[in-house]
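Please look over the sequence and the model shown here before reading the notes. The report then takes up one topic at a time.

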Amino acid sequence: MTALLEVEDLTARFDTDEGIVTAVDGLSYRVEAGETFGVVGESGAGKSVAARAVLGLIDDPGRIERGEVRFKGEDLLSMDESELRSVRGDRIALVFQDARAALNPVYTVGEQIAETVEHHLECDPEVARDRTIRLLDRVGIPDADARYSDYPHELSGGMCQRATIAMALSCEPDLIVADEPTSALDVTVEARILDLLADLTDEFGVAVQLVSHDLGVIAGTCDRAMVMYAGEAVETAAIEELYYDPKHPYTAGLMSAIPRVGDGRDRLPTIPGTTPDPIDVPSGCRFHPRCPFAEEACTRRNPSLVDPETGEPATIGTDRAAACLEYTDGLEGGLDYSVEIDGATGEHAERGGDCDG
Ligand code: SF4
């Protein structure tokens, strides 16, 4: 069956003075109707570019080099700008990191949402106003009737993000693409916004593609997730599998670095090094300079996503996939790491060593 969103072999490049940056390289994934799908990785992994590319929002000097983005079976990348504009907002909505910047400072919050409602639902202003107030109330803005007339600068950061979520929901989209929606907020407000997103996903039946650098946020919010590194997907799995039994050393490193209540560790493990220069990515497996299990073969061969049980190449429909030579018998020593989750240990062991980075 066709998924709500299918992204296949998406490749986006930017021409810069220093050279060509391949921000997203051969990315394939799907988002099912009604699910929350996470895209996670460090800064520079390409996750935000991937999110923007879905909606054709890659501006000069960037370009989508190849690939397909199918929404309900229709290829968005072959649409002209006016067709794409009608998909944006009507069927796919965006929530950005900087909510205040996403709102127009010279209009009240209510006017902005009501205008969107009026345009997309073709209703009269009074109906749009009533719907807007109901939405503001639903996303937890107190005294929504009065707050309708507030300007963005009169709202806190958390309230602004609630307002942009109300705007995203205002046209009853099938998919919300949320790009780091909580990273500008403090942790208490972040938790409330994530709870709100989860509630609204259930209530409105809308799917969410949630982009975050924080695997803790993804683990607590999503049904499935894709881990990105240096423009490529390195692992895709249901969230429990990713959390308890990560198959890629990079995912294992990220998981080890999540602080957990009562875990007693004095210091959180880190992954050594930094993400590579996007103009000069390492040969072979892009993670090899930071990987505790790297062997000589890893410097020559760039592993593709495969089913870790069978070694078969992953397709867009594969539920569990990882990109490591381990799963195509390309490693001599194998992998050995464990990730402790609230006292339980998810192990992945074939030889000695650890992955605390
Ligand atoms: S292919 Fe090699 S370097 Fe890459 S993740 Fe696997 S073991 Fe590490």
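## Basis

This is a predicted model, in which local features need pLDDT of at least 70, side-chain atom pairs count only at pLDDT 80 or more, and totals for chains, interfaces and linings use all residues. Residues are numbered from 1 along each chain as its sequence is written.

## Annotated domain

An unreviewed UniProt entry lists residues 5–255 as "domain: ABC transporter". UniProt positions are given here in the numbering of this report, feature names are shortened, and annotations may be inferred rather than shown by experiment. Helices (H or I, at least four residues) and strands (E, at least two) are DSSP runs, numbered from the N terminus.

## The seven-stranded sheet

Seven strands form an open sheet with mixed pairing, in the order β6-β7-β8-β3-β9-β10-β11. Two strands pair if DSSP finds at least two bridges between them. The edge strands, β6 (92–95) and β11 (321–322), each pair on one side only.

Strand β8 (residues 207–212) pairs with β7 (residues 175–179) in the parallel sense over five bridges. Here V177 has Q209 as its bridge partner, and D179 has V211. Strand β3 (residues 36–40) also runs parallel to β8 and is joined to β8 by five bridges; G38 has L210 as its partner.

Six of the six residues of β8 are buried, so β8 is largely enclosed by the rest of the structure. A residue is buried if 20 or more other C-beta atoms lie within 10 Å of its own, exposed if 12 or fewer, and partly exposed in between, with C-beta atoms placed from the backbone. In a regular strand the side chains alternate between the two faces of the sheet. In β8, A207, Q209 and V211 point one way, and V208, L210 and S212 the other way.

Two residues are in contact if their C-beta atoms, placed from the backbone, lie within 7 Å. Leaving aside its neighbours within four places in sequence, V177 is in contact with A51, V54, L55, I92, L94 and Q209.

## The ligand shell

The ligand is surrounded by 14 residues, counted if the C-beta atom, placed from the backbone, lies within 6 Å of the molecule. The closest are C285, H288, C291, C298 and C324. The shell holds 11 nonpolar residues, two polar and one charged. Ala, Val, Leu, Ile, Met, Phe, Trp, Tyr, Cys and Pro count as nonpolar, Asp, Glu, Lys and Arg as charged, and the others, Gly among them, as polar.

## Backbone details

Most residues other than glycine have a negative phi, and most peptide bonds are trans. D60 and P61 are joined by a cis peptide bond, with omega of about 10°; P61 lies in the loop between α1 (47–54) and β4 (62–71).

D143, which is not a glycine, has a positive phi of about 55°. D143 is in the loop between α5 (125–138) and α6 (144–147) and counts as exposed, with 10 C-beta neighbours inside 10 Å. E180, also not a glycine, has a positive phi of about 50°. E180 is in the loop between β7 and α8 (187–204) and counts as partly exposed because it has 19 C-beta neighbours inside 10 Å.
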